[in-house]
Amino acid sequence: MNELIDLDAAELARRIHGREVSSVEVTRAHLERIDAVDGPAESGVHAFLHVDAEGALAAAEAADRAIADGTAASALAGVPIALKDNLTTTDMPTTCASRILEGWRPPYDATVVTRLRAAGLVPLGKTNLDEFAMGSSTENSAFGPSRNPWDLTRIPGGSGGGSSSAVAAGEAPLALGSDTGGSIRQPGAVTGTVGVKPTYGTVSRYGLVAFSSSLDQIGPCARSVLDAALLHEVIGGHDRNDQTSVSAPLPPVVEAALAGARGDLAGVRIGVVTEFSGEGYQPGVLAAFTDAVRALGELGAEVVEVSCPSFAYALPAYYLIAPSEASSNLARFDAMRYGLRVGDDGEHASDEVMSLTREAGFGAEVKRRIMIGTHALSAGSYDALYGKAQKARTLIVRDFTAAFETCDVLISPTTPTTAFPIGERADDPLAMYLADLCTIPSNLAGNAALSVPCGRSADDGLPVGLQVMAPALADDRAYRVAAAYEAAQGATTPRIPELRALEASR
Amino acid sequence: MSDITRDDVAHLARLARLAVSDAELDVFSGQIDAIVDTVSKVGEIPDDVPPTAQVVPQTNVLRPDETEPSLPRDVALAGAPAAEEGRFRVPRILGEEL
């Protein structure tokens, strides 16, 4: 394996900009890695739904020329990146891992994609996800699951399991994800990578295919906290094309990651959320978390326990609000303007074509959620279900507000277990939903939260994630704490697992 | 349980324009009943708590009312399942029974 794929984005950028290695060489190394481990779809990592080698090499050549001319667009110019396939791209298909959008070429780039291109990053391709980002394992992808590089029989998390597995497998140093209930953080946790959900509204959603508009947030996936921060600063900031875009300046996340890495958390108050423990939590996950709490104390932080009793309503509220918004958002897939059309034979009327198309084009989880959302918003149920879920949201916001009065950040395990076997929860939606238990509150309240690798579980040797939650617009606090913890952990865990068996089988 | 019946799910599927099969209805009705039962926990919350619809602290985002370029017609039609004479071609709107 080429050592270039083992390097951080920050280190790759340093070498590319120092002319020690070209962006073309770095890009080619990652394309070769993708060739070596990503396929076949039935047994490889299967992180990618589409790889654009030609486009990537052209972008890399352009970055090399700019660097030679002294006109590099940004510090990350020339560094390759993978894009979750619910972000629109004019030069690659955007499928949302759904048959209904198979092969669709969007007419415009998402704002984050425009910004990446302007910053000289090199898009490698589009990564797999649960269909329309609904799921926690990528098993809901219409094109088959991605696999966890640490154990190819297990899930890489979801919905952004393509982005997490690409980064964990060394197929890309960076990736973008979208986090509606944990879809960046939980995949980060189970693949031993960093995943950040920025404060709601601070990264433009323009060109992100909408799932649940009041919760969706695009964010970075990386192998280090600093890399995530560098990418965060490229994609973040106000965008007039997104009505929910916040005009406040982006928090200084790179500065915070650099400061945190110096390893001093004196004066920082960290709250352990007591509700996120106990039944349903894997012992090895809790043990790794307890070790992290001790490590944070050794870094000088004051660690206290905080109770957020209303977080018990987070999962139920989420599985009402997200399906409700999804049922409305996905009404746009009507077989008229783009995407699949089934039954257009001159016999069927428009509404029948619509129903036949949606039946053929959507998978089971998407249909379930659309129907649950339709139920929650219907006249007889609205007050008891959707209305109450919005009230739950208020209680969760209040719990966060109270906790942040005494604590700078809150911490918990990112998800209750390590990566579970593919198939284990596929037929049990409620068991699948539990993977999002700890990540959902920050989506409902809109604050910042990230997952940073937290060693490996003693019971199965698989990666564990530490979640750090910060108040809205104080993303820098989470970066500082995570960077300090990451630095203290040192290189005890290889960041890219061996995939020799897969490489040897080629 | 939440008392969501198979007929209720069939009704939801019609409302949501999903031509689900009988076999799917068998599976979905049990699953949706169990999910709605679980999420109904929010019913415990007192009525006097105010709702939160979204968390961005801003309202009425305005911009100058200026004409800007929009998608060219051929680009807008490029992904259409069917196009004719520079327009989206759609199936007839009314059913036979009307």
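Predicted model: local features only at pLDDT ≥ 70, side-chain atom pairs only at ≥ 80, totals over all residues.
Me: OK. How do the residues lining the largest pocket divide, then?
Reply: The lining has 17 nonpolar, seven polar and eight charged residues.

Me: And how many residues line the largest pocket in total?
Reply: There are 32 in the lining.

Me: Which of them lie nearest the centre?
Reply: A:T88, A:Y108, A:Y206, A:G207 and A:R332.

Me: Switching to the two chains. How much area do chain B and chain A bury between them?
Reply: About 4800 Å². Carbon and sulfur atoms carry 66% of that.

Me: How many residues does each chain bring to the contact?
Reply: Chain A brings 61 residues, and chain B brings 54.

Me: How many salt bridges cross the interface of chain B and chain A?
Reply: The rule finds four. In one salt bridge, the side chain of B:E24 meets that of A:K367, at 2.7 Å from N to O.

Me: What about polar contacts, how many residue pairs between chain B and chain A?
Reply: The count is 23 residue pairs, with both residues at pLDDT 80 or more.

Me: Which elements of chain B give two or more residues to the side that touches chain A?
Reply: α1 (6-15) and α2 (22-39) of chain B.

Me: Which one gives the most?
Reply: α2(B), with nine residues.

Me: And by class, what does that side of chain B have?
Reply: 35 nonpolar, 10 polar and nine charged residues.

Me: New topic: backbone. What kind of peptide bond joins A:G39 and A:P40, cis or trans?
Reply: Cis, with omega about -10°. A:P40 sits in the loop between α2 (23-37) and β1 (48-51) of chain A.

Me: What about the peptide bond from A:G158 to A:S159, cis or trans?
Reply: That peptide bond is cis too, and omega is near 10°. A:S159 falls in the loop between β3 (122-127) and α5 (161-168) of chain A.

Me: Where is A:H46?
Reply: In the loop between α2 and β1 of chain A. That loop also holds A:P40.

Conventions. Residues numbered from 1 in each chain as written. Chains lettered and ligands numbered in written order. Heavy atoms only, no water. 1 Å grid on protein atoms, 1.4 Å probe; cavity = no way out; pocket = protein on both sides within 12 Å on 5 of 7 lines; lining within 4 Å. Nonpolar A, V, L, I, M, F, W, Y, C, P; charged D, E, K, R; others polar. Contact = heavy atoms within 4.5 Å. Buried area = accessible area lost by both parts, 1.4 Å probe. Polar contact = N/O pair within 3.5 Å; in protein donor to acceptor, adjacent residues only side chain to side chain. Helix = DSSP H or I, 4+ residues; strand = E, 2+ residues; numbered from the N terminus.
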